[in-house]
Amino acid sequence: MTHASASPGLPTSPPQNGPPIVSIRDLQKVFPVPGGQTVALQDANLSIQRGEFISLIGPSGCGKTTLLRLMADLEQPTAGELLIAGRTADQARRERQYGYVFQAPALMEWRTVLKNVLLPLDVMNVPGDRLGRAREMLKLVGLEKFERNYPWQLSGGMQQRVSIARALAFDPPLLFMDEPFGALDEITREHLNLELLRLWRETGKTVIFVTHSIPEAVFLSTRVVVMTARPGRIEGIVEIDLPHPRSDDTREDPRFFTHATEIRELLKKGHA
Amino acid sequence: MEQTVTPSRTVAARPGAALPTAAALLVGVGGLLLVCLILPVPGEGAAPEARAWLAGILALLAVGALGVRGAAQGMSRAAQVAPALLTGLLAVLTAEGLLRAYAVPAGLIPTPTRVLAALWNARTVLLQDTYTTFVLEALLGFLAGTVLGLALALLVVRFRFLERGLLPYAALFSSIPIVALAPVIVKAIGLDWPSKTVVVAVTVLFPVMVGAVRGLQSASPLHLDLMHTYAAAPTRTFLDVRVPTALPFVFGALKVASSLALISAIVAEFFGTNGHGLGFRIQIEVGRFGLDVVWAAIVLASMAGIAFFSLVSAAETRLLPRR
Amino acid sequence: MLEPGPAVTATRPPWLAWLAGLGPMLIVALIAAALYWSLMLAANLGPAARTLASGAELDCRTALACASQLRNPVVPAPAQLAQGFARLSTPVTSPLALPYNVGVTAGETVLGLVLATVTGLGLALLLVASRSFERATLPWLVASQTVPVVAIAPMLAVLLGQYGVQGFLPKAIIAAYIAFFPIAIGMSRGLRSADPLHLDLMRTYHASGAQTFGLLRFPVSLPYLFTALKVSVTAALVGSIVAEISTISFSGLGKMLAENSRASDTVALWVIMGYGALLGVTLVALVNALERWVTPWSRR
Ligand SMILES: Nc1ncnc2c1ncn2[C@@H]1O[C@H](COP(=O)(O)OP(=O)(O)O)[C@@H](O)[C@H]1O
Ligand SMILES: [Mg+2]
């Protein structure tokens, strides 16, 4: 399933031409609630190329999770069009086009670390050396020593790394990540940010990443999608013009601050 | 299995389904009622042709079940309560019909109508038995066991020594089968009701004690620290922090204990009484094949059990703040 | 970050700490023994005085001395218990001795528990699969939890006997009948308690219903099953003993209880209680061991 985009060259933005891997037109999601309805997402338009690293940023309740769940076919849109790799979200799910990392690690407490990573491979009946593949993924996130441990024996950051390994295990071209580092301390978070970027560069996957941290969004992304609440909609899209591979020096780059300010202004505008 | 993701899919109640549902229920219940009226009481009249009746009764039951299924659709109050009531009704009618169709002798399985009759005819004796078993034995024993269990729990929580010395025995004691305990106590104390009260108290004591200790010890360390920063007196901390956290645990234990109490009372009566009590009645009447009285006693015991449980639940809702 | 292996180094060997922990238990046991001894004397004093007054032949002078030697004590003395234990436990393999009968009851209880688990599981599946079924039957199942099911046991015993079910089986069936409710209720709760996030995860994998059940719902429900089993195991034991009492039985703890209760052999009743307690504790311990084996991930 490894696709051609795993080019050794450094991705620029937009990284590639050709058909978009995600294409969203006038997407809308309305939830019925007792005595009315909540417009979680309205008039969303977005096109994402293969190999991009996209961050969705915005205040709580602006529909970031909803947008991600719509793309993952975990919710059905009430209006609009949504195509993943040229297919409907349902077809894309059936073809196992994406891995999903939740805000909580959501590891199965009755499975060891290794067996948690094996889960998707077993469910999908992936041919070949599954055990070897799962071990390789654990190594990728630096947890190969813990394969026999149960999740509760790991710290929160380690658990989240296992859940990333689990999402990567079946080598999906797309990775959806919903505030995966939201509950972690700053130091662990910055460390995992670097690891995530390394993974992204090495595998050439497309990542769609939800966060509500402006520095995190700027540091990671090729483009940042700024969203605002009530009703949830896309306020603007900021292209991040920073060189790859990124490192701690990136945070000192003047452009880093320019982009951060740009995003902050957009967020404020939506708040007014 | 995937349905769980979108619960909205299951909500839709078809409005047009009310008529067939009502019809199915009418046919099921009415038909079974008719069958029960037509068929003779077992032992009277000519034995009916069982096979044909069986087919008929099962068919009517199936129709009734379809009706129940229809009545269970939707989220209304009626849809949540009616199915259980209708199922009870259908079950009783089916039992009556089948017992009549097969002319099962009353000495083997009495028909529901016979049980009702026995309930009425033997009402004075049965009510006396219920009073003995429920009030004198189960309720008194439950109260005594609860008071004792709570007192022991307080001691255990207060003195670490007792926690390590006494608590392990409590867990041990609660796995002794009541049936093995009862004869010993009945022999030691005598045949009158107090011996059964003691059996009940002993069986109730240990679960209540274990539950209360667990509850008292589960107070949040943060809350305890908070009270400490207030320089609160130990009694205040106890009343304001430990007791509220312990109450849900205590009531959990009390609910278990309430059904345990009735079971112990009945089982203890199997090992000797002065001629009163539901357990005694059941044993005596089983020996005489007076199964209609046995069933009547079971019905009363069940009602006592449900009443007991409801009593504890009512106390719980009064004392526990609902989330 | 956490490294595997013990983080704290023990200051003294664990077996020593364990032994020291037994101290309070031992002291409480000694106090209980002293209390028991005085209770025994107090309870037996009256009958002892009466026996002495009636001029029966006893090799003791005072009521106090006789209190621990009564033929049929209200509360037996430790020496009498020891004698009774020896008398009832030997020969070990004899069908008249207690070890054999405990084995019979244990067998019935375990068989009953297996039947109860199978029935309870089936019922739980039905409850989870169909909301109509749940609404129609769940209130009755819950109500039956509060009903003293042992009350039905004697009648059930007679009924099963009438239909020719005999020997080992009726007792196991009655034990199962008493034990399956907690399992059904516990499992139906367990099968429903999968984490919504995990359900979403299985959906993103496009997992089949069977896979979601086998990999998610079933393992999640196992702790619930064991909680229910711990309740059921004592219930089943009571059930099989009551069943033995209520039917014409030739072996089992219940038969020994009924026999000695009729014969007013107090010492025997106490010894049987001891065996019953031992059986109860053993069965619960077995369930606990099974739980640790089946759910190694739980953090105890
Ligand atoms: N299942 C649901 N039912 C009703 N309202 C929902 C549901 N899921 C989300 N919402 C509402 O939709 C809005 C957007 O939610 P969400 O996408 O979770 O926001 P975010 O992830 O950006 O914090 C919120 O107002 C939320 O209350
Ligand atoms: Mg969210």
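Residues are numbered from 1 along each chain as its sequence is written, and chains are lettered from A in the order in which they are written. Because the model is predicted, local features need pLDDT of at least 70, and side-chain values use heavy atoms, with hydrogens and water left out.

**View 1. The cis peptide bond from Arg230(A) to Pro231(A).** Omega of this bond is near -15°. Pro231(A) belongs to the loop of chain A that lies between strand S8 (223-228) and strand S9 (233-239). Helices (H or I, at least four residues) and strands (E, at least two) are DSSP runs, numbered from the N terminus.

**View 2. The cis peptide bond joining His244(A) and Pro245(A).** Here omega is about -10°. Pro245(A) is located in the loop between S9 and helix H8 (254-271) of chain A. Most peptide bonds are trans.

**View 3. Positive phi at Asp43(A).** Asp43(A), a residue other than glycine, has phi near 45°. Its place is within strand S2 (residues 36-48) of chain A. Asp43(A) counts as exposed, at 54% relative accessibility; exposed means over 50% relative accessible area, buried under 20%, and partly exposed in between (1.4 Å probe, protein chains only).

**View 4. Positive phi at Ala106(A).** For Ala106(A), likewise a residue other than glycine, phi is near 50°. The residue sits in the loop between strand S5 (98-101) and helix H3 (113-123) of chain A. Ala106(A) is buried, with a relative accessible area of 9%. Most residues other than glycine have a negative phi.

Conventions: Predicted model: local features only at pLDDT ≥ 70, side-chain atom pairs only at ≥ 80, totals over all residues.
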